[in-house]
Amino acid sequence: MKDFVSMKTMTKDQLLGLLKRIEAIETGQVKPSYKKEEMFIANLFYEPSTRTKMSFEVAEKKLGLNVLDFHVESSSALKGETVYDTAKTFEAIGAKAIVIRHPKENAVQELAAQLDIPVINGGDGKGEHPTQSLLDLYTMYQEFGSFEGLKVTIVGDILHSRVARSNAIALSTLGADVRLSAKESYRDDTLDFPYLEIDEAVEDSDVIMLLRIQLERHSSKEALNKADYLNQYGLTIDRYNRLKEHAIVMHPAPVNRGVEIDDTLVEAEKSRIFKQMANGVYSRMAVIEMVLFQQQLKKGEIKHDFTY
Ligand code: CP
């Protein structure tokens, strides 16, 4: 696999292999490093980001890569340069891979098909967010050890969520029992999974994965009463108290405190929200290592095989 742009093409074995590699990196069993090779990697974020951009940068620096940072607002994108020409520029000046976030669905996949160097999807519009999904999978893997029959309910603004899409696809590939919970206007009929009411979901799930309401992607400016939304569709203290003993609460963040989750629950005992962020670094190290490895193998720079 040249790129890491979608969970649709990932097999169960590939996902499990990546999870094992993330574990080996986190526990220090392996220490991949490109320090001696003086390699460059570019981060092109055309949409705001805190966690994804920064954890990619930490991952890249931990791998000994030289990071080419790109700021749209001070770049030639403002003179009209296309994403393709920008990416080709980074390729020309020596970047060995590109991490990109773009507001347009499928823009990253289209770019990947045009470039020789690997492309990693840091989020394409409401399309996919595969590295977020991978760190979410790793967080569940740490907790439960396997996915077969694991009841995972994804709750919130499903319609506008690339995290929901990537996770629903990947979890389903891994054998989890995926369910969705959302108010009527936030449902996505293209995802073929059953919908549950939140009150049923909290009593029946191993994982409650909450999502932010992505007002910036909404076409209709439907008014949002935050307290009403929390009471009808979110994780209140009462619902938290009805979770199974072993259940965990996840959220890709940023969190709208007091909207999809009660403010006091963000750091509650069952919350893994900040654990997810920590896992983002190891997960992104494994993804970068995987695509660089495949590229070096293809170019004949290394000869041995490597199974993910
Ligand atoms: N979870 C996530 O993608 O966060 P950022 O938008 O801050 O990168």
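UniProt annotations may be inferred rather than shown by experiment. Keep that in mind for the labels I use today. Also, this is a predicted model.

Start with the annotated spans. The unreviewed UniProt entry gives residues 148-290 as "domain: Aspartate/ornithine carbamoyltransferase Asp/Orn-binding". Over residues 148-290 the chain is 35% helix and 12% strand. The end C-alpha atoms of that span are 25 Å apart.

The unreviewed entry also annotates residues 2-141, as "domain: Aspartate/ornithine carbamoyltransferase carbamoyl-P binding".

Now the ligand. Which residues are around it? Ser49, Thr50, Arg51 and Thr52 are there, with Gly123 and Gln132. Pro252, Ala253 and Pro254 complete the list. By class, that shell has five polar, three nonpolar and one charged residues. Where do they come from? Domain 1 (12-129 + 277-298) and domain 2 (130-273) each supply at least three.

Next, the core. Nonpolar side chains in soluble globular proteins tend to be buried together. In this model, the largest nonpolar core has 83 residues. Those with the most contacts inside it are Ala97, Ile98, Ile154, Val155, Ile208, Leu210 and Ile288. Helix α10, residues 273-298, gives the largest share of this core, 10 residues. Why does the core lie between domain 1 and domain 2? Because both domains give residues to it.

Setting aside residues up to four places away in sequence, Ile154 touches Ala164, Asn167, Ala168, Leu180, Met209 and Leu211.

Definitions and conventions: Residues numbered from 1 in each chain as written. Predicted model: local features only at pLDDT ≥ 70, side-chain atom pairs only at ≥ 80, totals over all residues. Near = placed C-beta within 6 Å. Nonpolar A, V, L, I, M, F, W, Y, C, P; charged D, E, K, R; others polar. Domains from an automatic or database assignment. Core = buried A, V, L, I, M, F, W, Y, C linked by C-beta atoms within 7 Å. Buried ≥ 20, exposed ≤ 12 C-beta atoms within 10 Å, placed from the backbone. Helix = DSSP H or I, 4+ residues; strand = E, 2+ residues; numbered from the N terminus. Contact = placed C-beta atoms within 7 Å.
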